[in-house]
2 protein chains.
Amino acid sequence: MSITTNATIADFGGKLLKLKHPSKACNCDMAFNLFIPSSASSSKPAPVLIYLAGLTCTGDNGAEKGFFQAKASEKGIAVAFPDTSPRGMNIEGEDESYDFGSGAGFYVDATKEPWTKGYKMYTYITEELPKAIFSEYKELDKERVSITGHSMGGHGALTLFLKNPGMYKSVSAFAPISNPSNCQWGQKAFSGYFGEDDKQRWSEHDATDLLPKYPGDTDILIDVGTGDNFYKQGQLLPENLEKAAKEAGKGVRVNYRDGYDHSYFFISSFASDHVEHAAKYLLR
Amino acid sequence: MSITTNATIADFGGKLLKLKHPSKACNCDMAFNLFIPSSASSSKPAPVLIYLAGLTCTGDNGAEKGFFQAKASEKGIAVAFPDTSPRGMNIEGEDESYDFGSGAGFYVDATKEPWTKGYKMYTYITEELPKAIFSEYKELDKERVSITGHSMGGHGALTLFLKNPGMYKSVSAFAPISNPSNCQWGQKAFSGYFGEDDKQRWSEHDATDLLPKYPGDTDILIDVGTGDNFYKQGQLLPENLEKAAKEAGKGVRVNYRDGYDHSYFFISSFASDHVEHAAKYLLR
């Protein structure tokens with residue numbers, strides 16, 4: 001489980017590491033980026049915010065265009081930017097579409113052949129990646145981890161948080177796929193990774209279904225742009241999550257941001273707010 | 001001189017416009033990005049900071065990865081991100097190297113054939129682009145313009161400022177080519193655009209030569225990373241500019257930033273400082 005450092009880049013007073021490590025869950029080497037603020041030390045380890053990227057992205061997009069480091073540096077929070085799928089599995093159809101296979105792991109463990117070969121992003125993000133990070137970087141605090149994400153990664157952040165009470169101190173999301181069982185992206189992914197009939201498993205990876213079952217209160221921050229074409233097309237469905245929250249008495253705050261689209265211009269515009277949200281829980 | 005809007009993107013509370021307009025100086029359509037803060041209006045026009053990008057870049061790099069918008073939005077300053085050369089001139093050799101021709105206009109008006117055909121970035125940036133911007137956007141203030149830039153664009157910012165007293169309220173630069181006559185990049189560019197023998201013209205586009213002749217004081221902010229390979233290779237030579245400043249009694253502050261490289265991670269880390277520097281002069 002050793003990590004290879006491909007680059008160490010001075011960034012916002014801290015350092016951005018471009019890393020790679022062998023993953024058993026994903027059956028390949030997985031690249032990721034890790035921002036470590038200058039305040040982090042083994043005697044005063046920094047908490048970690050995991051940012052899960054969306055369809056077509058790698059761990060580079062958020063690190064280059066997300067602007068999380070500015071506020072994270074100020075707050076003394078590390079940020080991990082993992083990849084979005086295994087790479088180079090040589091599975092037929094893997095690279096055929098932008099919304100399934102490579103770059104589209106959906107943060108689930110596939111149960112359907114041939115995707116079981118490496119499409120286990122759920123295990124990778126919840127177990128393997130943190131284990132690798134915290135065994136290598138003693139300046140990071142494994143007891144204080146939060147999670148956020150964009151689009152498919154927003155779905156990942158919400159579901160990983162809701163499925164694992166206590167694992168993350170807080171959760172937030174940018175334009176998340178909030179009810180994947182009821183949108184085209186989610187239906188295609190879940191059909192492909194789980195099969196069309198295993199609706200129980202679909203439900204276990206759907207934030208709108210999971211939220212009412214979550215033990216205790218939630219304080220979930222979501223931003224969505226009203227100019228986001230995927231929102232308009234019904235791929236995100238934050239209203240469904242809001243409705244579920246209201247019925248179950250859970251806390252979900254969705255900010256509908258006037259005119260914002262689905263791009264990293266949207267993410268970077270509100271990245272500081274999401275780091276602040278995580279900081280409330282990571283630093284108290 | 002009409003401007004075509006290819007996209008309007010909500011960004012840090014304002015809007016980022018992706019624009020294109022016909023340029024006589026460059027003999028082609030020129031694309032650029034323009035960030036307009038929400039505070040700008042025709043009754044209260046916003047000042048403008050021009051960011052000149054470096055070799056290989058377009059107007060997109062700074063807009064996507066520079067994060068000038070965060071502080072510019074806060075301060076109520078617009079930011080223009082022009083391209084770095086004419087495009088598609090079909091001049092032989094135009095696309096052969098990364099440091100000459102396309103993406104490498106060096107912010108000069110070429111005097112040597114065949115580059116005279118469109119390589120007139122000096123006229124484009126100092127005359128044509130501002131004329132186009134201020135005739136189109138009444139919410140921007142043509143009386144308050146500052147300039148900054150990176151690498152080749154840092155050279156551009158410094159020389160345009162020093163050659164045109166009063167045109168810009170302030171200047172700053174990230175890892176600028178500070179003495180082009182004495183480095184490989186500059187020598188190649190000036191030989192190509194001016195000819196090897198016209199050393200007078202070389203000198204007229206060299207910040208280190210121009211600084212002593214500038215009428216009045218200067219307050220020039222420069223950041224350079226000590227881990228910048230181009231700095232180490234002697235392409236930037238900020239020490240030469242510092243020496244000229246000291247001898248001439250001009251103000252140049254060069255911050256040598258420990259371990260930072262030449263990338264947009266470096267630029268974004270200090271972008272706020274450069275917007276603050278411009279704000280001191282644009283907003284007083």
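Student: What stands opposite Ile9(B) in strand 2 of chain B?

Tutor: Leu16(B) does. By the way, this is a predicted model.

Student: What makes strand 1 and strand 2 of chain B a pair?

Tutor: Count the bridges. Seven of them join strand 1 of chain B to strand 2 (residues 14-23) of chain B. Pairing takes at least two, so these strands count as paired. They run antiparallel, too.

Student: How do you know which strands of the chain B sheet are at the edges?

Tutor: Start with the order: this open sheet of six strands runs 1-2-3-5-4-6, with mixed pairing. Strand 1 (4-11) and strand 6 (140-149) of chain B each have a single partner strand, so one side of each has no neighbour in the sheet.

Student: What lies across strand 4 (46-52) and strand 6 of chain B?

Tutor: That's helix 10 (residues 264-282) of chain B, which runs at about 145° to strand 4 of chain B.

Student: Over to chain A. What is the strand order in its open sheet?

Tutor: The six strands go 1-2-3-5-4-6, and the pairing is mixed.

Student: Why are strand 1 (4-11) and strand 6 (140-149) of chain A called edge strands?

Tutor: Look at their sides: each of these two strands pairs on one side only. Between neighbouring strands of this sheet, the average turn is 25°, direction ignored.

Student: How do you know that strand 1 and strand 2 (residues 14-23) of chain A pair up?

Tutor: It's a bridge count again. Seven bridges join these antiparallel strands, and two would be enough, so they pair. One example is Thr5(A), whose bridge partner in strand 2 of chain A is Leu19(A).

Student: Which helix packs on that sheet, touching strand 4 (46-52) and strand 6 of chain A?

Tutor: Helix 4 (residues 152-163) of chain A. The direction of helix 4 makes about 130° with that of strand 6 of chain A.

Student: How many residues are in contact between chain A and chain B?

Tutor: On chain A there are 19, and they are in contact with 20 residues of chain B. To be called a contact, heavy atoms must come within 4.5 Å.

Student: What area do chain A and chain B bury between them?

Tutor: About 1,600 Å², with 66% of it on carbon and sulfur atoms. The count of salt bridges between the chains is zero, while six residue pairs are in polar contact, both residues being at pLDDT 80 or more.

Student: Which elements of chain A each supply at least two residues of the side that touches chain B?

Tutor: Strand 1, helix 1 (59-65) and helix 10 (264-282) of chain A. Sorted by class, that side of chain A has eight nonpolar, six polar and five charged residues.

Student: Is the peptide bond from Glu113(A) to Pro114(A) cis or trans?

Tutor: Cis, with omega near -5°. Pro114(A) sits in the loop between strand 5 (78-82) and helix 3 (121-136) of chain A.

Student: What kind of peptide bond joins Glu113(B) and Pro114(B)?

Tutor: A cis one, where omega is about -5°. Pro114(B) is in the loop between strand 5 (78-82) and helix 3 (121-136) of chain B.

Student: What is the phi of Thr56(A)?

Tutor: Positive, at about 75°, although Thr56(A) is not a glycine. You'll find Thr56(A) in the loop between strand 4 and helix 1 of chain A.

How values were computed:
Residues are numbered from 1 along each chain as its sequence is written. Chains are lettered from A and ligands numbered from 1 in the order in which they are written. This is a predicted model: local features need pLDDT of at least 70, side-chain atom pairs count only at pLDDT 80 or more; totals for chains, interfaces and linings use all residues. Side-chain values use heavy atoms; hydrogens and water are left out. Helices (H or I, at least four residues) and strands (E, at least two) are DSSP runs, numbered from the N terminus. Axes are lines fitted to C-alpha atoms, for helices over the stretch in contact, and angles run from 0 to 180 degrees between N-to-C directions. Buried area is the accessible area (1.4 Å probe) that two parts lose on being put together, summed over both. A salt bridge is a side-chain nitrogen of Lys or Arg within 4 Å of a carboxyl oxygen of Asp or Glu. A polar contact is a pair of N or O atoms within 3.5 Å; within protein, one must be able to donate a hydrogen and the other to accept it, and residues adjacent in sequence count only if both atoms are side-chain atoms. Ala, Val, Leu, Ile, Met, Phe, Trp, Tyr, Cys and Pro count as nonpolar, Asp, Glu, Lys and Arg as charged, and the others, Gly among them, as polar.
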